[in-house]
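I open this notebook to keep track of what I looked up, entry by entry. The order follows my own reading of the structure.

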Amino acid sequence: MENISVITAISHPLRRRIIDRLLLHGPTQVGTFARVLDAQVGSISHHLRMLQKAGVIEQTDAPDGDRRASWWRLARRSFTWSAADFESPADALLAREAERANVRHQLDRLSQWYRTSPTSDLEGFNTDSLAWATQEELNDLHRRLNTMLDDWRSSIDREDRQERMPVYFFAHGFPTKV
């Protein structure tokens, strides 16, 4: 179960973009965040501190050893929670709103891709499935998907000079009625 401070930290739209940047590009300097995210350095620094306080990111050494610049990297790569995890009504409400914000973010990305995909040579995919499962089996599926995604991501050789694009994947598994 995630701490509510982590959930609220990662739910802010600019912080989400900071996390996405770190996922794709690795350690990044404050000035680079400000430039590519079109934000003020002071604002970026504030949001980096909030993510650091929540244990999501950490400062790291500059690749060139220059200690004058502030570099940051992810301390962890995935986050999982459910509003049902929280006994406190206030925390459950925050977690539920974070879930909604996350789904909006995911659907916005999907909608953006559908708007641009007819003009693109780049193909995506979609898939869905329906099965009978217990809560334990659904949890097992979640763990397996995360392991598979981690294995897939680590198998990509980013040094092979092939042209790559950012790829976004999301999945939801939930009880439903048929």
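Entry 1, a pair within one helix. I am working from a predicted model, and I began with Asp150 and Arg153, which lie three residues apart in helix H6 (residues 135-154) and are therefore separated by about one helical turn. The two side chains form a salt bridge, and I noted 2.7 Å between the closest N and O atoms. Asp150 counts as partly exposed, at 39% relative accessibility, and Arg153 counts as partly exposed too, at 35%. I then looked for salt bridges that share partners, and found that they join Arg16, Asp20 and Arg109 into one network.

How many salt bridges does the count come to? I noted ten salt bridges in the model. One that I followed up is formed by Glu2 and Arg76, whose closest N and O atoms are 2.5 Å apart. This pair links distant parts of the chain, since Glu2 is in the segment before helix H1 (4-10) and Arg76 is in the loop between strand S3 (71-74) and helix H5 (89-116), 74 residues apart. Is Glu2 buried or exposed? Glu2 has a relative accessible area of 9%, which is under the 20% limit, and therefore counts as buried. Arg76, at 26% relative accessibility, counts as partly exposed.

I also checked Glu58 and Arg73, whose side chains meet in a salt bridge with an N to O distance of 2.8 Å. Here too the pair links distant parts of the chain, with Glu58 in strand S2 (residues 57-60) and Arg73 in strand S3, 15 residues apart. Glu58 is partly exposed, with a relative accessible area of 30%, and Arg73 counts as partly exposed at 36% relative accessibility.

Entry 3, the sheet. The model has an open sheet of three strands in the order S1-S3-S2, with antiparallel pairing. Strand S1 (28-29) and S2 are the edge strands, each pairing on one side only. S1 and S3 run antiparallel and are joined by two bridges, and I noted that Thr28 stands opposite Trp72 in S3.

Which residues of the largest nonpolar core touch the most other members? The core holds 29 residues, and those that touch the most other members are Ile18, Phe33, Ile44, Leu48, Leu51, Val56 and Ile57. At least two residues of this core come from each of H1, helix H2 (13-25), helix H3 (30-36), helix H4 (41-53), S3 and H5. H1 gives the most, with five residues. In soluble globular proteins, nonpolar side chains tend to be buried together.

I took Val56 for a separate look and, leaving aside its neighbours within four places in sequence, found it in contact with Val6, Ile10, Ile19, Leu51, Leu74, Ala75, Arg76 and Phe79. Among these contacts is Arg76, the residue that forms a salt bridge with Glu2.

I placed Leu23 in helix H2, where it counts as partly exposed at 28% relative accessibility. Leaving aside neighbours within four places in sequence, Leu23 is in contact with Leu74 and Arg77.

Entry 6, the aromatic pairs. The count comes to three aromatic pairs. One of them is formed by Tyr168 and Phe170, with 5.8 Å from centre to centre and 40° between the planes, and is tilted. Both partners count as partly exposed, Tyr168 at 30% relative accessibility and Phe170 at 26%. The ring of Tyr168 also has the charged end of Arg109 sitting over it, 4.5 Å from the ring centre, and Arg109 belongs to the network with Arg16 and Asp20.

For Phe170 I checked one further distance, to Val103, and found their C-alpha atoms separated by 9.5 Å, with the two residues 67 apart along the chain. Val103 lies in helix H5 and is partly exposed, with a relative accessible area of 31%.

Notes. Residues are numbered from 1 along each chain as its sequence is written. This is a predicted model: local features need pLDDT of at least 70, side-chain atom pairs count only at pLDDT 80 or more; totals for chains, interfaces and linings use all residues. Side-chain values use heavy atoms; hydrogens and water are left out. Rings of Phe, Tyr and Trp (its six-membered ring) pair if their centres lie within 6.5 Å; planes under 30 degrees apart count as stacked, over 60 as edge-to-face and the rest as tilted. Buried means under 20% relative accessible area, exposed over 50%, partly exposed in between (1.4 Å probe, protein chains only). A charge sits over a ring if NZ of Lys or CZ of Arg is within 6 Å of the ring centre and within 35 degrees of the ring normal. A salt bridge is a side-chain nitrogen of Lys or Arg within 4 Å of a carboxyl oxygen of Asp or Glu. Helices (H or I, at least four residues) and strands (E, at least two) are DSSP runs, numbered from the N terminus. A nonpolar core is a set of buried Ala, Val, Leu, Ile, Met, Phe, Trp, Tyr and Cys residues joined through side-chain atoms within 4.5 Å. Contact means heavy atoms within 4.5 Å. Two strands pair if DSSP finds at least two bridges between them.
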